[in-house]
Amino acid sequence: MPDKMNNTPDDLTDPILEHSGYDTTESLVGIWGHPLHAMTVAFPVALAFCTFGADLFYWWSGELFWARAAIWAAGTAFLFGLAAGLTGTAELLLVPGIRIRAPAWTHFVIAVLLLSLLGTNWGYRLQGYQAAVLPYGILLSGFNVLVVMVTGWHGGKLVFDYRLGTSKGI
Ligand code: HEM
């Protein structure tokens, strides 16, 4: 029998764990149960790497082609990043078991930082995409590669460690 007067650990409850929606973590934003966020995140990740790759090739070769490839990759990384952000935010707000977990909000904060960096990298190049590459364009894309890796790794933790956005199976 727990000792109420002494406030022993038996009396303590975690309001988060006891929340009725705590175990409701299945994805709601998807096509036939396949989560849209998982489908969209691959694009900003890959395109952030492409931007850095194109910048490196431009630095190495001086070919205008690579500076143009870089601005296209930077722009599409940002636009697909926005799409990934929208699907992720919808999941965050709509699913009670995702909304209540602090790591989901940590992922949101890291992802918003990433989106602002991807947008900066594109917007900066719109002033003159060739001159923008060296040195600040390539520095930005190198940094973006690091931030996109952290964001993707952290998103993976949400899925594989916390089982967020997954199906409970049949
Ligand atoms: C801006 C707001 C964002 C929010 C609120 C958000 C939220 C989430 C949530 C809740 C999950 C768990 C799975 C699910 O419920 O679908 C997740 C997974 C993930 N997120 Fe995000 N996300 C955002 C943006 C991004 C961006 C911009 C990227 C990458 C560039 C990203 C990369 C990932 C990855 C790689 C996963 C794991 C997907 C899987 O393995 O199925 N997220 N995110």
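These legends go with a set of close-up views of a predicted model. Residue numbers start at 1 in each chain and follow its sequence as written. Because the model is predicted, local features need pLDDT of at least 70 and side-chain atom pairs count only at pLDDT 80 or more, while totals for chains, interfaces and linings use all residues.

**View 1**
The protein has 5 helices and 2 strands, where helices (H or I, at least four residues) and strands (E, at least two) are DSSP runs numbered from the N terminus. Their order from the N terminus is β-β-α-α-α-α-α. With a radius of gyration of 21 Å, well over the 15 Å that the globule rule gives for 170 residues, the protein is more spread out than a compact globule. The radius is taken over C-alpha atoms, and the rule is 2.2 Å times the number of residues to the power 0.38. Along the principal axes, the C-alpha atoms fill a box of roughly 75 × 40 × 20 Å. Of the 170 residues, 33% count as buried; a residue is buried if 20 or more other C-beta atoms lie within 10 Å of its own, exposed if 12 or fewer, and partly exposed in between, with C-beta atoms placed from the backbone. Among contacts with a separation of 6 or more, 74% join residues 24 or more positions apart; two residues are in contact if their C-beta atoms, placed from the backbone, lie within 7 Å.

**View 1. The shell around the ligand.**
Here you can look for the 31 residues around the ligand, of which Gly85, Gly88, Ala111, Gly155 and Gly165 come nearest. A residue is near a molecule if its C-beta atom, placed from the backbone, lies within 6 Å of it. Helix 1 (36-61), helix 2 (64-94), helix 4 (102-125) and helix 5 (133-160) each give the shell at least two residues. The shell has 18 nonpolar, 12 polar and 1 charged residues. In this count Ala, Val, Leu, Ile, Met, Phe, Trp, Tyr, Cys and Pro are nonpolar, Asp, Glu, Lys and Arg are charged, and the others, Gly among them, are polar.

The expected span is 1.5 Å times one less than the number of residues. Buried residues of helix 1 include Leu36, His37, Asp55 and Tyr58. Strand 1, strand 2, helix 2, helix 4 and helix 5 are what the buried residues of helix 1 pack against. Just after helix 1 comes Gly62, with a positive phi of about 75 degrees.

**View 2. Helix 4 and what covers it.**
Helix 4 has 24 residues and reaches 36 Å from its first C-alpha to its last, close to the expected 34 Å. Its buried residues include Ala104, His107, Ala111, Leu114 and Leu118. Cover for the buried residues of helix 4 includes helix 1, helix 2, helix 3 (96-99) and helix 5.

**View 3. Two nonpolar cores.**
A nonpolar core is a set of buried Ala, Val, Leu, Ile, Met, Phe, Trp, Tyr and Cys residues joined through C-beta atoms within 7 Å. The largest has 27 residues, and Ala48, Ala70, Ala74, Ala77 and Leu118 touch the most other members. Helix 1, helix 2, helix 4 and helix 5 each supply at least two residues of this core, and helix 2 gives the largest share, 9 residues. Beyond its neighbours within four places in sequence, Ala77 is in contact with Pro44, Leu47, Ala48, Thr51 and Leu118. Leu92, Val95, Ile98 and Ala104 are among the 6 residues of a second, separate core.

**View 4. Pro35 in strand 2.**
Pro35 lies in strand 2 and counts as buried, with 22 C-beta neighbours inside 10 Å. Setting aside neighbours within four places in sequence, its contacts are Ser27, Val29, Gly30 and Gly165. Pro35 and Trp153 are 118 residues apart in sequence and 17 Å apart in space, C-alpha to C-alpha.

**View 5. Backbone details worth a second look.**
Most residues other than glycine have a negative phi, and most peptide bonds are trans. Trp32, in the loop between strand 1 (30-31) and strand 2 (34-35), has a positive phi near 50 degrees. Trp32 is exposed, with 4 other C-beta atoms within 10 Å. Arg163, in the segment after helix 5, has a positive phi of about 60 degrees and is partly exposed, with 14 other C-beta atoms within 10 Å. The peptide bond from Leu134 to Pro135 is cis, with omega near 5 degrees, and Pro135 lies in helix 5.
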